[in-house]
Amino acid sequence: MCFSFKKTKGLPPPAYLQEIKAIQIQDILKNQFPTANLYLSDSIYKTTTIDELMRFLKDDKTNEYRYVSEYMDCDDFSYHLMGSIHNVEWGALPFGIIWLLKPNGAHAMNIFIDNQHGVYLIEPQNDIIQVFPSNWTAYLIII
């Protein structure tokens, strides 16, 4: 059963620029992460700029939570940020969770595709936005 979301108060919605189909997102992600398993929840999304995402992150408080090993660690931060952005005003964005292997071990972060089809990683523990380093390997992406 799907739920009806109420409009939230506070942060105005993003300036959406264009629709993007899931197949296009799949192509973008498979090109950059050829070995990753992908799961796209919807058939169509709406893109916006990286500046709009930064506006959301500035307002969001996920990064203010205290890290607790195994209970509030990287995957929990990622799930929380994904849940925060998936409200009625912001939920159409191609935004999700990515599990990856870094040289020092596995890690979960968030992933975002902007209106220029740029792919960005967001570290939800500190709101740092970056591109995917060549020495990391993605193995699961859920959007």
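Asp127 sits in the loop between E6 and strand E7 (128-130), where helices (H or I, at least four residues) and strands (E, at least two) are DSSP runs numbered from the N terminus. Although Asp127 is not a glycine, its phi is positive, at about 65°. That is worth a remark because most residues other than glycine have a negative phi. Asp127 counts as buried, with 19% relative accessibility; buried means under 20% relative accessible area, exposed over 50%, and partly exposed in between (1.4 Å probe, protein chains only). The model is a predicted one, so local features need pLDDT of at least 70 and side-chain atom pairs count only at pLDDT 80 or more, while totals for chains, interfaces and linings use all residues. Residues are numbered from 1 along each chain as its sequence is written, and side-chain values use heavy atoms, with hydrogens and water left out.

His117 also has a positive phi, near 70°, and is a residue other than glycine. It belongs to the loop between strand E5 (105-113) and strand E6 (119-123). His117 is partly exposed, its relative accessible area being 32%.

E5 and E6 run antiparallel and are joined by 4 bridges. Ile111 has Leu121 in E6 as its bridge partner.

Axes here are lines fitted to C-alpha atoms, for helices over the stretch in contact, and angles run from 0 to 180 degrees between N-to-C directions. Contact means heavy atoms within 4.5 Å.

Helix H3 (residues 74-85) also packs with helix H2 (residues 50-59): their axes come within 11 Å and cross at roughly 110°. H2 and H3 are therefore roughly perpendicular to each other (angles under 35 degrees count as roughly parallel, over 145 as roughly antiparallel, 65 to 115 as roughly perpendicular and the rest as oblique). On the H2 side, Leu53, Phe56 and Leu57 meet Leu81, Ser84 and Ile85 of H3. Sorted by class, this contact has 5 nonpolar residues, 1 polar and no charged ones; Ala, Val, Leu, Ile, Met, Phe, Trp, Tyr, Cys and Pro count as nonpolar, Asp, Glu, Lys and Arg as charged, and the others, Gly among them, as polar.

As for the aromatic rings, the whole structure has 4 aromatic pairs. Rings of Phe, Tyr and Trp (its six-membered ring) pair if their centres lie within 6.5 Å, and planes under 30 degrees apart count as stacked, over 60 as edge-to-face and the rest as tilted. Phe56 makes a tilted pair with Trp90, at 5.1 Å centre to centre and 55° between the planes. This pair links distant parts of the chain, 34 residues apart, with Phe56 in helix H2 and Trp90 in the loop between H3 and E4. Phe56 is buried at a relative accessible area of 6%, and Trp90 is buried at 1%. Phe132 and Trp136 pair edge-to-face, with 6.0 Å centre to centre and 85° between the planes.

Key: Two strands pair if DSSP finds at least two bridges between them.
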